[in-house]
Amino acid sequence: MDEQTKTRMVTDVLFARDRASRAMGMRIVDVAPGFAKLTMPVQRHMVQGHGSCHGGVIFTLADSAFAFACNGRNVTSVAQSCDIDFVAPAKLDDVLVAEAQERHLGGRSGVYDVTVSREADSTVIALFRGRSRALRGYNVPNLEENAATGGASS
C-alpha cells in the first residue's frame, strides 16, 4: 500500500472516532504524510463577547489539523507541547482553513506548523506550532493486512 493511501485510510478512521472535531463542523479537505488541511465554519456558539471567534475554538481547529498531520503514518502520536499566535480576528460565518505541515520528524519527535486562515480572502488568523511525541502502537492495527484482504480493522 502506498503512503498516500495509508494516510487517507488512517485519517478516515481517526476522524470517524473524533467526536469533538466533527461536532465543531470540521471537515478534512486534504491529507498526505505529514500534512493535513481542514476547514471549519465559525458558528454562533463559537463567538465570544467581543463578537469574534473564541481563541480556544481557533486553537482546537489548529490542534485537530496538527493531530491528523502527525498521525497519518499510522504511528500513534500525541501533542507534547504547542503554542499559538493570534494575528487577526475571525467572525461569525467565516470559514476557517487550517493547514498543518510537518517541519521535522526524527526518532519519536516531530514539529508541525499550522496556519489558520480565512477561506474567503486568505487572511492569516493564527499561527500554531505543535510538537508531537510518538507512542508505542498504531492508530489502525493491522492496516496493511486489512487493506490487502478488503477487511476493516476494529
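Predicted model: local features only at pLDDT ≥ 70, side-chain atom pairs only at ≥ 80, totals over all residues.

User: What makes the contact of Arg 8 with Asp 12 a salt bridge?

Analyst: The rule asks for a side-chain nitrogen of Lys or Arg within 4 Å of a carboxyl oxygen of Asp or Glu, and the side chains of Asp 12 and Arg 8 meet at 3.8 Å, N to O, so the pair qualifies. Both residues lie in helix H1 (residues 3-17), 4 residues apart, which is about one turn of the helix. Asp 12, with a relative accessible area of 42%, is partly exposed as well.

User: Why is it said that the pair of Glu 99 and Lys 37 ties together parts of the chain?

Analyst: The side chains of Glu 99 and Lys 37 meet in a salt bridge of 3.9 Å, N to O. Because Glu 99 lies in strand E4 (residues 95-106) and Lys 37 in strand E2 (residues 35-41), the pair ties together parts that are 62 residues apart in sequence.

User: Which strands are linked by the salt bridge of Asp 83 with Arg 131?

Analyst: In this salt bridge the closest N and O atoms are 2.9 Å apart, and the pair links distant parts of the chain, with Asp 83 in strand E3 and Arg 131 in strand E6, 48 residues apart. Arg 131 is also the bridge partner in E6 of Val 111.

User: How do you know that strands E5 and E6 pair?

Analyst: Two strands pair if at least two bridges are found between them, and 9 bridges join strand E5 (residues 109-118) to strand E6 (residues 124-138), which run antiparallel; the pairing therefore follows from the rule.

User: Why are strands E1 and E3 said to stand at the edges?

Analyst: The 6 strands form an open sheet in the order E1-E2-E4-E5-E6-E3, with antiparallel pairing. Strand E1 (27-32) and strand E3 (75-86) each have a single partner strand, so one side of each is left without a neighbour in the sheet.

User: How do you know that the radius of gyration agrees with a compact globule?

Analyst: With 154 residues, a compact globule would have a radius of gyration near 15 Å, and the chain has 16 Å, so the value agrees. Of these 154 residues, 41% count as buried.

Key: Residues numbered from 1 in each chain as written. Heavy atoms only, no water. Helix = DSSP H or I, 4+ residues; strand = E, 2+ residues; numbered from the N terminus. Rg over C-alpha atoms; globule rule 2.2 N^0.38 Å. Buried < 20%, exposed > 50% of the residue type's maximum accessible area, 1.4 Å probe, protein only.
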